[in-house]
Amino acid sequence: MQQQALRDFAQAMTAFFDPQNPAGRPSWRKAGRNEGFRIVGRGRQWDVRRLSRKTGQVWVPKAGWVRFRWSRAVPPDAKSYRVTRDRAGRWHIAFAVIPAPVPAPGNGQTVGIDRGVAVSAALSTGRLLHCPALTVRERTRLRRLQHKLARAKRDSNRRSRVKHGIARLKARETDRRKDWAEKTSTEIARRFDLIRVEDLKIGNMTRSAKGTRENPGRNVRQKAGLNRGILGAGWGLLVRRLEDKAPGRVEKIGPAFTSQRCSACGQVDRGSRESQAVFRCTACSFAGNADVNAAINIAAGHAVTAREGDGITRPVNREPHLLLQSE
């Protein structure tokens with residue numbers, strides 16, 4: 001496994017110096033985060049074996065047979081696996097294999113997805129999807145543990161126990177978000193032939209606003225809360241899994257003015273967005289959910305370039321609007 005780590009490092013450095021590859025410089029490993037190793041199989045049939053309905057064994061060099069929970073069938077074409085330990089102290093084993101894409105239904109339907117903080121994903125069909133998070137009791141416990149962490153002495157056993165409790169709650173929230181993204185992306189890939197989403201630069205949107213000591217930022221705490229909301233909604237994870245499961249069927253649309261444009265008449269006016277959830281057109285008086293209205297514009301596939309008040313009305317595809325009325 002030490003030799004494999006050196007091979008992985010050499011491959012990462014080669015990708016970093018390749019001008020055609022957008023990979024960045026390999027970063028230093030941080031203790032306690034993503035601990036693990038990778039094993040490349042030698043083609044033996046007895047590297048993995050099943051003991052019972054819920055238990056299996058895998059052969060780890062220098063360690064022998066290691067038992068793991070058999071949560072799903074091991075793909076027969078898997079040639080390597082990775083053993084990792086997360087911050088919550090849980091060990092995981094993942095067998096590397098590229099799954100087959102989800103087949104298109106062939107119904108010719110197109111869906112638009114608008115991503116937000118209050119509503120994680122709004123479909124042009126009128127469906128609102130919410131990414132699960134921690135419960136009220138779990139959030140209360142998280143705040144209590146964070147207060148204890150602030151008072152704990154560094155490198156003490158008490159601080160280690162508190163950090164472990166926080167990591168367990170964070171891991172629970174991450175597991176729920178991943179499970180939601182997997183199930184939602186699979187359902188969308190099976191129902192629609194073409195999937196259109198906003199081309200959002202999430203990295204730029206979640207950048208810190210604290211600035212520098214000479215030029216400090218403004219509303220830093222409010223921006224930090226918004227960043228947590230964006231990252232907790234699973235925007236990037238949902239689109240990434242859609243691209244993996246429906247390759248060639250995901251289109252990214254420019255997000256400009258999609259939330260200010262009326263899906264019925266095409267008028268662009270910021271005054272039509274009355275609130276986070278209400279959209280009422282100032283031209284044709286069309287009213288509906290603001291996120292669903294934006295999703296319909298995304299499903300139409302027209303990148304809006306008009307500015308507010310230019311007096312130009314642009315027609316849009318009305319099929320998503322009729323579908324919304326029927327539901």
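## Asp-155 and the α2–α3 loop

Asp-155 is exposed, because its relative accessible area is 79% (over 50% is exposed, under 20% buried, and partly exposed lies in between, with a 1.4 Å probe and protein chains only). Asp-155 sits in the loop between α2 and α3. Its phi is near 65°, a positive value in a residue other than glycine. This is a predicted model: local features need pLDDT of at least 70, side-chain atom pairs count only at pLDDT 80 or more, and totals for chains, interfaces and linings use all residues. Residues are numbered from 1 along each chain as its sequence is written, and side-chain values use heavy atoms, with hydrogens and water left out.

Ala-152 belongs to the loop between α2 and α3 as well. Ala-152 counts as buried, because its relative accessibility is 9%. Setting aside neighbours within four places in sequence, Ala-152 is in contact with Arg-158 and Arg-159 (contact means heavy atoms within 4.5 Å). Ala-152 and Ala-300 are 148 residues apart along the chain, and 54 Å separates their C-alpha atoms.

## Overall make-up

The protein has 327 residues, of which 34% count as buried. It holds 8 helices and 13 strands. Both are DSSP runs numbered from the N terminus: helices are H or I with at least four residues, strands E with at least two. The C-alpha trace spans about 75 × 55 × 45 Å along its principal axes. Take the contacts between residues at least 6 apart in sequence: 57% of them join residues at least 24 apart.

## Helix α2 against α3

Two packed helices are described by the angle between their axes and the distance between the axes. Here axes are lines fitted to C-alpha atoms, for helices over the stretch in contact, and angles run from 0 to 180 degrees between N-to-C directions. Helix α2 covers residues 136-151, and its axis comes within 9 Å of that of α3, crossing at roughly 150°. α2 and α3 are therefore roughly antiparallel to each other (under 35 degrees is roughly parallel, over 145 roughly antiparallel, 65 to 115 roughly perpendicular, and the rest oblique). The crossing of α2 and α3 is left-handed. That term applies if the near helix is turned anticlockwise from the far one by less than a right angle, and right-handed applies if clockwise.

On the α2 side, the contact includes Glu-138, Arg-141, Leu-142 and Leu-145. On the α3 side, Arg-158, Arg-159, Val-162 and Lys-163 are among the residues involved. By class, the contact of α2 with α3 has 6 nonpolar, 2 polar and 10 charged residues. Nonpolar covers Ala, Val, Leu, Ile, Met, Phe, Trp, Tyr, Cys and Pro; charged covers Asp, Glu, Lys and Arg; the others, Gly among them, are polar.

## Helix α3 against α6

Helix α3 (residues 157-191) also packs with helix α6 (residues 235-245). The angle is about 45°, and the axes are 9 Å apart. α3 and α6 are therefore oblique to each other. Their crossing is right-handed.

Trp-180, Ala-181, Ile-188 and Ala-189 are among the α3 residues in this contact. From α6 come Leu-237, Leu-238, Arg-241, Leu-242 and Lys-245. The contact of α3 with α6 divides into 7 nonpolar, 3 polar and 5 charged residues.

## Cysteines

A disulfide is a covalent bond between the sulfur atoms of two cysteines. In this model the structure holds 0 disulfides (the cut-off is a pair of cysteine sulfur atoms within 2.5 Å). Cys-265 is in no disulfide, and its nearest cysteine sulfur, that of Cys-281, is 3.6 Å away. That is too far for a bond.

Cys-265 is buried, because its relative accessible area is 17%. Cys-281 counts as buried too, because its relative accessibility is 4%.

## Asp-291 in helix α7

Asp-291 is placed in helix α7 (residues 290-300). Asp-291 is buried, because its relative accessible area is 7%. Not counting residues up to four places away in sequence, Asp-291 touches Asp-114, Val-119, Ala-122, Arg-273 and Gln-276. Asp-291 and Ala-122 are 169 residues apart in sequence, yet 5.9 Å apart in space, C-alpha to C-alpha.

## Lys-62 in the β3–β4 loop

Lys-62 has a phi near 70°, a positive value in a residue other than glycine. Lys-62 lies in the loop between β3 (55-60) and β4 (64-69). Lys-62 counts as exposed, because its relative accessibility is 88%.
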